[in-house]
Amino acid sequence: MKTIIEPFKIKSVEPIYFTTRNQRLDIIKKAHYNAFLIKAENVIIDLLTDSGTSAMSSAQWAGIMIGDESYAGSNSFFRFEKTINEITGMPIVIPTHQGRASEKILFAVLGGKGKYIVSNTLFDTTRANVEASGAEGIDLLCAEGKIPSVLAPFKGNIDIKALENFINEKGAENIPLCIITVTNNSGGGQPVSMQNIKDASRVCKKYNIPLYIDACRFAENSYFIKKREKGYENKTVREIAAEMFSYADGCTMSAKKDAFANIGGFIALHNEQLATQCRNLLIITEGFPTYGGLAGRDLEAIAIGLNEVLDEHYLQYRIRSTEYLSEKLAAAGVPVMQPSGGHAVYIDAKEMLPHIPVDKYPGQALVAALYVEGGIRGVEIGSLMFGKYDSNGKLIPAMMELVRLAIPRRVYTQSHIDYVAEVIIEMAKNREKIKGLEITYEAEALRHFTARLKEAN
Ligand code: F0G
């Protein structure tokens, strides 16, 4: 059969509340053109993030009921730990309340002033945590990853030559770790190849630099390897994931993505001495090492979700359904990042709205227009998120101006996605009417969450 169906049935549903275009014009103005400031009930299709928004399975909900809430030595922790040991091959597991808590702890221990943390691309919270430690975050994305229209199988790869050059330039002693984000969220949800991870591991070993994986979407990345990399077509996704982790010294993960959980995360690693330092911080920030900021029931949901995500029927549906939206948009001439990412479709706002200069935030302007036209909430991954100022206060723009439409796992059906495509295609016909935006308020760090904007003249 050609049709790939959702590999689940729906047992419990949530209502969608509808708004009119006029209501949404008012709502976006009151939300200062920032989609993070819109109430969720005023959103028709919420593609803000795939993080913490998954529909849990009946098995996960059943797991919630058997969660062991003991402060110390909870059974649920041991199931959580065993699942992560089995998938990653890493013996030490430290639970945290979400990905950024893992990052905060790891970089507080390993980072610091004068240090560089290198990556294919650091996610925004990851970069913020690197910088909060005093260290500098360095993105060394491969060349093809920087051009949205280029078709290449592994556009999330780290540039191996640039990595080695950077190590030689700054000195290995100043680089406490290299972290590879799979899939590369800020670079378009693009996968990283096994060969690239292997090569990065070889370079890191040569200079004695630990290699970490930001494993938020490890299963999606493993599935891409199975489909796109020679020699992996007959391996199971579980085997591929195990090989991927075997090249790393440790990983951080937000369980809000590929573990289908609404909250949670962990650090997994081999180094006992480093684990002790991490646990010392964990206890004062997150909690005791057998729950680390989570309830026992969350640990159960995550353990079950981590096994469910490796189901290849699910991954086939997942990757194909993202591709489906991307193909529809591309066929109608909407410039989307090629090929389609795992968890999201990325619209190239610079290309779509050439009349809006980067300092008028074309990505954010597109986010606002998407909301007004169809009640769809996406997120800008461009200069509002990553822009900096030079010493004269002039914007240093981000590498790309993207709008991400992240697809929550197991939440929306094909007709929801058809609606999204229809809205965007209609909107693209009147794209020259979309106006640029100006910032009226911004915070010092992670400004996109709280920034206020207005329409530029
Ligand atoms: N690393 C990556 C690659 C991520 O995508 C995220 C979160 C994190 C780390 C942090 O995890 O949210 O659990 O603290 N990404 C979300 C997103 C927020 O919308 O892409 P967290």
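This is a predicted model: local features need pLDDT of at least 70, side-chain atom pairs count only at pLDDT 80 or more; totals for chains, interfaces and linings use all residues.
Residues are numbered from 1 along each chain as its sequence is written, and side-chain values use heavy atoms, with hydrogens and water left out.

**The ligand and its shell**

- Helices (H or I, at least four residues) and strands (E, at least two) are DSSP runs, numbered from the N terminus.
- A nitrogen atom of the ligand lies 2.6 Å from a polar side-chain atom of Asp214, and a ligand nitrogen is 3.0 Å from an N or O atom in the side chain of Lys257.
- For Arg404, an N or O atom of the side chain is 2.7 Å from an oxygen atom of the ligand. Taken alone, the ligand exposes 470 Å², and the protein buries 94% of that (areas by the Shrake-Rupley method with a 1.4 Å probe; for residues, only the protein chains shown count as cover).

**Salt bridges**

- Side chains of opposite charge can pair when their charged atoms come close. The whole structure holds 27 salt bridges, each a side-chain nitrogen of Lys or Arg within 4 Å of a carboxyl oxygen of Asp or Glu.
- Glu220 and Arg318 form one of them, at 2.8 Å from N to O. Glu220 sits in helix H8 (residues 218–228) and Arg318 in helix H12 (residues 312–331), so this pair ties together parts 98 residues apart in sequence.
- Glu220 also bridges to Arg409, with the closest N and O atoms 3.2 Å apart. Arg409 lies in the loop between strand E14 (402–406) and helix H16 (414–429), so its pairing with Glu220 in helix H8 ties together parts 189 residues apart in sequence.
- Both Glu220 and Arg318 are buried, and so are both Arg409 and Glu220 (buried means under 20% relative accessible area, exposed over 50%, partly exposed in between, with a 1.4 Å probe and protein chains only).
- A network of salt bridges links Asp50, Arg217, Glu220, Asp258, Arg318 and Arg409.

**Aromatic pairs**

- There are 11 aromatic pairs in the structure. Rings of Phe, Tyr and Trp (its six-membered ring) pair if their centres lie within 6.5 Å; planes under 30 degrees apart count as stacked, over 60 as edge-to-face and the rest as tilted.
- One of these pairs, Phe80 with Phe266, is edge-to-face, 6.0 Å centre to centre with 90° between the planes. The two are 186 residues apart, with Phe80 in helix H3 (residues 75–88) and Phe266 in strand E8 (residues 265–269).
- Phe80 is buried at a relative accessible area of 0%, and Phe266 is buried at 3%.
- Phe260 and Tyr314 also pair edge-to-face, 5.0 Å centre to centre with 75° between the planes. Phe260 is in the loop between strand E7 (250–254) and E8, and Tyr314 is in helix H12, so the pair ties together parts 54 residues apart in sequence.
- Phe8, Phe260, Tyr314 and Tyr317 form one aromatic cluster.

Note on methods. A polar contact is a pair of N or O atoms within 3.5 Å; within protein, one must be able to donate a hydrogen and the other to accept it, and residues adjacent in sequence count only if both atoms are side-chain atoms.
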